[in-house]
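Please look through the model below with its aromatic rings in mind. My notes follow it as numbered points.

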Amino acid sequence: GTLISAIDNTLTPMGSRLLKQHLSKPLLSVTKINHRLKLVSEYLKNHIDDLEIIDELKSVSDIHRIISKISTNKSNPRDIINLSNSLLVVSNIKKYISKSKSILKLISQSKNIKKICSEINKIIKDDPPANLNKGGYIKSGISKELDEFRLISENANQWLLDYQKEQQESTGISSLKIGYNKVFGYYIDITKVHINKVPDNYIRKQTLTNSERYFTTELKDYEHKILSSSEQINYIESEIYNKLIQFIIKDIASIQFNADIIAKIDVIVSHAITANNNCYVKPKIHNKSTFSLKGSRHPVVEKMLPINEKFITNDLKLNNQKQIAIITGPNMAGKSTFLRQIGLISILAQIGSYVPADFA
């Protein structure tokens with residue numbers, strides 16, 4: 001039941017906000033109005049059936065919101081990868097807009113931020129978790145230390161089995177076992193029968209009735225790595241992530257600029273879809289003191305009518321000679337609807353939208 005509900009076919013959060021801003025501040029410049037109308041006209045003529053552009057815009061996240069989260073240190077890895085994917089939409093749309101010079105000119109104003117997208121995609125996994133604290137969002141190959149800790153964390157049991165086998169073979173003690181308890185950590189258990197085979201590098205840890213328990217420097221180091229690997233993974237990933245955030249912040253103005261361009265394209269597409277779906281026409285805007293409408297309709301009321309009912313159209317012509325129109329009729333005849341209809345059509349024209357009429 002509102003004007004915005006009748007005309008908002010935007011596909012991105014930024015575009016929706018920009019359309020509302022346009023409605024709250026209709027243009028007074030004939031040149032600026034006609035420029036917006038030209039963009040919509042180009043899209044209607046060349047791209048109204050291009051589903052690729054629609055799909056690209058649908059994939060865009062709320063870049064302004066992500067920028068705000070980055071600036072206040074509240075972003076997460078999923079925000080960052082969504083930012084990269086959204087920013088790439090500008091260059092992706094450019095491929096489909098070759099026929100439309102004015103829209104192409106608008107897109108060509110965008111800043112080159114390929115380095116940002118490239119850095120994000122190089123570091124952050126394609127489908128990262130949203131929670132920073134749990135880790136697992138940095139790609140392999142970025143940090144050797146991180147990869148080592150991950151390998152330890154993921155393959156701890158296998159390493160211990162391999163190490164046990166290696167020690168069995170090097171000592172000749174087939175009954176040698178590696179165990180673990182919370183008090184002493186990891187240990188090498190050797191029965192007293194094989195005490196004489198214990199290598200010099202084994203350090204005694206505990207004596208039991210039937211066996212001795214030892215450890216090696218290598219096992220102790222690996223134990224430390226196993227127990228601290230999760231903590232270290234989170235720390236290293238956090239360090240890499242924070243450096244990436246600082247890299248992004250350096251070009252935040254360029255990101256904001258490109259987000260604004262995506263919003264403008266979205267509004268153009270929205271106006272084109274609204275015009276195409278509702279039989280709106282392009283208003284002719286000039287500096288002459290003339291307000292002329294033929295077959296005009298109320299943009300909101302016609303959307304609320306039952307399917308089998310059509311809105312009864314109205315004409316209007318005002319100029320220097322005919323400056324006043326008197327509207328008469330009984331209560332509920334539609335006088336105020338007509339008054340509001342003219343106002344809404346004027347606002348639509350002044351934001352650069354096509355209007356519900358046969359001629360305007």
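Predicted model: local features only at pLDDT ≥ 70, side-chain atom pairs only at ≥ 80, totals over all residues.

1. Residues are numbered from 1 along each chain as its sequence is written, and side-chain values use heavy atoms, with hydrogens and water left out.

2. The structure holds five aromatic pairs, where rings of Phe, Tyr and Trp (its six-membered ring) pair if their centres lie within 6.5 Å, and planes under 30 degrees apart count as stacked, over 60 as edge-to-face and the rest as tilted. One of them is the stacked pair of Trp-159 and Tyr-222, with 3.6 Å centre to centre and 5° between the planes. This pair links distant parts of the chain, since Trp-159 belongs to helix α9 (residues 144-171) and Tyr-222 to helix α10 (residues 217-249), 63 residues apart; helices here are DSSP runs (H or I, at least four residues), numbered from the N terminus.

3. Trp-159 is partly exposed, at a relative accessible area of 22%, whereas Tyr-222 is buried at 10%; buried means under 20%, exposed over 50% and partly exposed in between (1.4 Å probe, protein chains only). Trp-159, Tyr-163 and Tyr-222 form one aromatic cluster.

4. Tyr-180 and Tyr-186 form a tilted pair, 4.6 Å centre to centre with 45° between the planes. Tyr-180 is partly exposed, with a relative accessible area of 40%, while Tyr-186 is buried, with 12%.

5. Lys-111 lies over the face of Phe-257, at 4.9 Å from the ring centre, and Lys-294 lies over the face of Phe-359, at 5.5 Å. A charge counts as over a ring if NZ of Lys or CZ of Arg is within 6 Å of the ring centre and within 35 degrees of the ring normal.

Key
Helix = DSSP H or I, 4+ residues; strand = E, 2+ residues; numbered from the N terminus.
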